[in-house]
Amino acid sequence: PEQERVELIPAASPAMALVDAAKARQAVENVIGNALKYSHAGRPVQVSVQPGLLEALGPGLAPRPAWQLVIEDEGPGMAPADLKRIFERFFRADPSCTLPGTGLGMSLVQEIMRAHHGHVEVSQVPGRGLRVALSFPAAPCED
């Protein structure tokens, strides 16, 4: 039933990224799980793939091509102060502790993305919920 709320929006072109499949899956599952947990009941969670760029690995180098896996929910969002703490270990935005979790999920997502030389960005979507973008380095094109 929860999986039925996930709307997949495919990339316009084939998306190949350099990832450790198990770790990337763990990061994606953590983010989608949070989106489902915090979304309003029955509301969809959208998952899309978009081209993007990552910071250059050094001075004088060009930004690196990437693929962003973007997860957007329709939950209540987060207070700005909580959003700043989202990657802290054991931080929970739910002070009532009524929702399951340890507060480790997003710190783990950040560590996984760093290990991939990628990036995670979380932002508030006004009137909608949260947007989490996982940017993975794009695989080199084969000619």
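Mentor: Let us begin with I71 in this predicted model, where, leaving aside residues up to four places away in sequence, I71 touches V31, I32, A35, V45, Q46, V47, L130, R131, V132 and L134.

Trainee: Which residues touch the most other members of the largest nonpolar core?

Mentor: The general idea is that in soluble globular proteins nonpolar side chains tend to be buried together. Here the largest nonpolar core has 23 residues, and those touching the most other members are V31, I71, M106, V109, V132 and L134. Two or more residues come from each of α1, β2, β3, α3, β4 (119-125) and β5 (129-137), and α1 gives the most, with seven residues.

Trainee: At what angle do helix α1 and helix α3 pack?

Mentor: For a pair of helices, we look at the angle, the distance between the axes and the residues in contact. Helix α1 (residues 21-38) packs against helix α3 (residues 105-115) at about 145°, the axes lying 9 Å apart, and α1 passes α3 in a left-handed crossing. From α1 the contact uses K23, A24, Q26, A27, N30, V31 and N34, while α3 brings G105, M106, L108, V109 and I112. These contact residues comprise seven nonpolar, four polar and one charged.

Trainee: Is the pairing of strands β1 and β2 parallel or antiparallel?

Mentor: For strands, we ask about direction and bridges. Strand β1 (residues 6-9) pairs with strand β2 (residues 45-54) in the parallel sense over four bridges, and V6 has V45 of β2 as its bridge partner. By contrast, β2 and strand β3 (residues 64-72) run antiparallel and are joined by nine bridges, with V70 of β3 as the bridge partner of S48.

How values were computed: Residues are numbered from 1 along each chain as its sequence is written. This is a predicted model: local features need pLDDT of at least 70, side-chain atom pairs count only at pLDDT 80 or more; totals for chains, interfaces and linings use all residues. Side-chain values use heavy atoms; hydrogens and water are left out. Axes are lines fitted to C-alpha atoms, for helices over the stretch in contact, and angles run from 0 to 180 degrees between N-to-C directions. A crossing is left-handed if the near helix is turned anticlockwise from the far one by less than a right angle, and right-handed if clockwise. Contact means heavy atoms within 4.5 Å. Ala, Val, Leu, Ile, Met, Phe, Trp, Tyr, Cys and Pro count as nonpolar, Asp, Glu, Lys and Arg as charged, and the others, Gly among them, as polar. Two strands pair if DSSP finds at least two bridges between them. A nonpolar core is a set of buried Ala, Val, Leu, Ile, Met, Phe, Trp, Tyr and Cys residues joined through side-chain atoms within 4.5 Å. Buried means under 20% relative accessible area, exposed over 50%, partly exposed in between (1.4 Å probe, protein chains only).
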